[in-house]
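Thanks for coming. I'll take one structure today and go through its side-chain contacts. Please have it open while I talk.

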Amino acid sequence: MITSSDLYHVLTAVVPLYVAMILAYGSVKWWKIFTPDQCSGINRFVALFAVPLLSFHFISTNNPYTMNTRFIAADTLQKLMVLVGLAFWSRLSPRGSLEWSITLFSLSTLPNTLVMGIPLLKGMYGDFSGSLMVQIVVLQCIIWYTLMLFLFEFRGARLLIAEQFPDTAGSIISFRVDSDVLSLDGKEPLQTEAEVGEDGKLHVTVRKSASSHSEIFSRRSHNGMNSGVSLTPRPSNLANAEIYSLQSSRNPTPRGSSFNHTDFYSMVNGNNGASPRGSNFAGYDEESGRVNGNAGYPVPANAGIFSPVGGKRAGGGGGGGGKDLHMFVWSSSASPVSEGGIHVFRGGEYGNDLGGVPHTKEYDDFGRNEFSFGNQPGPNGVEREASVLSKLGSSSTAELHPKASPHGETKPSSMPPASVMTRLILIMVWRKLIRNPNTYSSLIGLTWSLVSFKWNVAMPAIVAKSIAILSDAGLGMAMFSLGLFMALQPKIIACGNSVATFAMAVRFLIGPAVYGSASLAVGLHGTLLHVAIVQAALPQGIVPFVFAKEYNVHPDILSTGVIFGMLIALPITLVYYIVLGL
């Protein structure tokens, strides 16, 4: 039976955390003590030093040889059950998608164990429960967060390949990623270059956008803000073809848009320079002065993205092979279509200078449906295909469904072999992990605990105290940072009331229910079962939200899970604590 004294001990352990969070919130929202830049500096300090050292302290002082295998088995079984269920749902349900599977896995299985769980469970069930929470933290940092990174990078790789190799992805047998490419999260403007090997297969190189090469043309416009456009050459594996990238000086799009390698390879090397199938390349007709679609394809309204600068007509209609080809590949700024790019491809001063096609499209039209994967209505009501840039700027709710043909048939999207994809993703995950201080704190802490508890080796006092100074402040600083984050958000419930209700139900009802089922399946009973269920009802973890924001996969939902979850977590966990103690 839970007594008032027990409740007081729980509140004593948890209320100070909320005091730190409220002070941080008030210092920004009410008292205007910190500016957003100062908040960013505090959050960076917490991410780089306070939380990693706090994690190291808990892990290094926990005896790994006394870990509760049943409790760990229950935690692992719960996550596997959710993963399998989401895998079937994403495959069998028309509403299923990789993005939602990642988000639901985060909501249901990854609570805020380090910052909130350890002090709360210690106050409820004693020090032994704190040791159990440390075991969960170790598994989260080493296994489950790594799995999350794997899923996010897999999504990024699918988007990159589907965009740049829509028809030839199955022919890719190798990827080489330049060392300066750190992630496929869509924040870096990336470009791919494909070479056809002797076996007819594609060997792809992924590198940063060509804007880092020498600049051969630049122009500045002054309409309130400097918005520069640079024209830079890019290496091409096509004979007599010169590929340029137009790069805006504003914030880059997730990736530089690219071209269909099969179209151009077959166009250059095919019969009389014509592609065996309709190509999406827009050629230039010198006689009419217009951009023409190759092989009878009509030119879309935004065909100015392929702007010729000279040479003969490319492709189609009896043009000889080996003509000089010039193509612009556009990567731009703040939104998938930026102001700088509009000036270039809309015509007027910039479009005419570059030989582009004048556009009658107004600025407002560029802003509409810019996050759509589907077809968009054209000027006459006819659907036109969403531009590559729209795909790059996809929102967190984008789903990777194959595109339907005009006859209602679903066109299957081919992907490279599983071994090729796995190698690419492992490379990117490794590059992310080695730059994450939490990776080092977890591995070094676990290694030290294995050594120290095996041979009773004590950490030198000078090292222990140096770590303790920051790790002791880590818990309070983490809650303070969370309060700053809450104060900087325009809304506590960023994803809407209905979605927030669904997310909270997954976080506080479905997650504990699945964890309870897994615990019973492995034989947990009594206090251990209570600890398992209560820790599953903790608020949303912060690290999954950081990943969601970085990869732009439902960050509003995870933000609501962190902020609103923290506000309602204390009464909810107290209800679980009281009900389970009856």
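Which residues does Ser 559 touch, not counting residues up to four places away in sequence? They are Phe 485, Gln 489 and Phe 545. A contact here means heavy atoms within 4.5 Å. Ser 559 itself sits in helix α18, residues 555–580. Helices (H or I, at least four residues) and strands (E, at least two) are DSSP runs, numbered from the N terminus. With a relative accessible area of 4%, Ser 559 is buried. On that scale, buried is under 20% relative accessible area, exposed is over 50%, and partly exposed is in between, with a 1.4 Å probe and protein chains only.

Before going on, some housekeeping. This is a predicted model, where local features need pLDDT of at least 70 and side-chain atom pairs count only at pLDDT 80 or more, while totals for chains, interfaces and linings use all residues. Residues are numbered from 1 along each chain as its sequence is written, and side-chain values use heavy atoms, with hydrogens and water left out.

Now the core. The largest nonpolar core has 114 residues. Such a core is a set of buried Ala, Val, Leu, Ile, Met, Phe, Trp, Tyr and Cys residues joined through side-chain atoms within 4.5 Å. Its largest share, 16 residues, comes from helix α6, residues 127–164. Phe 71 is one of the residues with the most contacts inside this core. Leaving aside neighbours within four places in sequence, Phe 71 is in contact with residues including Leu 132, Met 133 and Ile 136, and also Leu 524 and Leu 528.

Next, the rings. The structure holds 10 aromatic pairs. Rings of Phe, Tyr and Trp (its six-membered ring) pair if their centres lie within 6.5 Å; planes under 30 degrees apart count as stacked, over 60 as edge-to-face and the rest as tilted. Phe 152 and Phe 547 have ring centres 6.3 Å apart and planes at 70°, so this pair is edge-to-face. The two are 395 residues apart, Phe 152 in helix α6 and Phe 547 in helix α17. Phe 152 is buried at 2% relative accessible area, and Phe 547 is buried at 7%. Phe 152 also pairs with Tyr 551, and that pair is stacked, at 4.9 Å centre to centre and 15° between the planes. Ring pairs link Tyr 145, Phe 152, Phe 547 and Tyr 551 into a cluster.

Last, charges. Side chains of opposite charge can pair when their charged atoms come close. A salt bridge is counted when a side-chain nitrogen of Lys or Arg is within 4 Å of a carboxyl oxygen of Asp or Glu. How many salt bridges does a search of the whole structure find? It finds 6.

One joins Lys 79 and Asp 75, at 2.8 Å from N to O. Both lie in helix α3, residues 69–92, 4 residues apart, about one turn of the helix. Lys 79 is buried at 0% relative accessible area, as is Asp 75 at 1%.

Another joins Glu 550 and Lys 432, with the closest N and O atoms 1.9 Å apart. Here the pair links distant parts of the chain, Glu 550 in helix α17 (residues 542–551) and Lys 432 in helix α12 (residues 418–433), 118 residues apart.

Finally, Arg 176, Asp 178, Glu 193 and Arg 207 are linked in a network of salt bridges.
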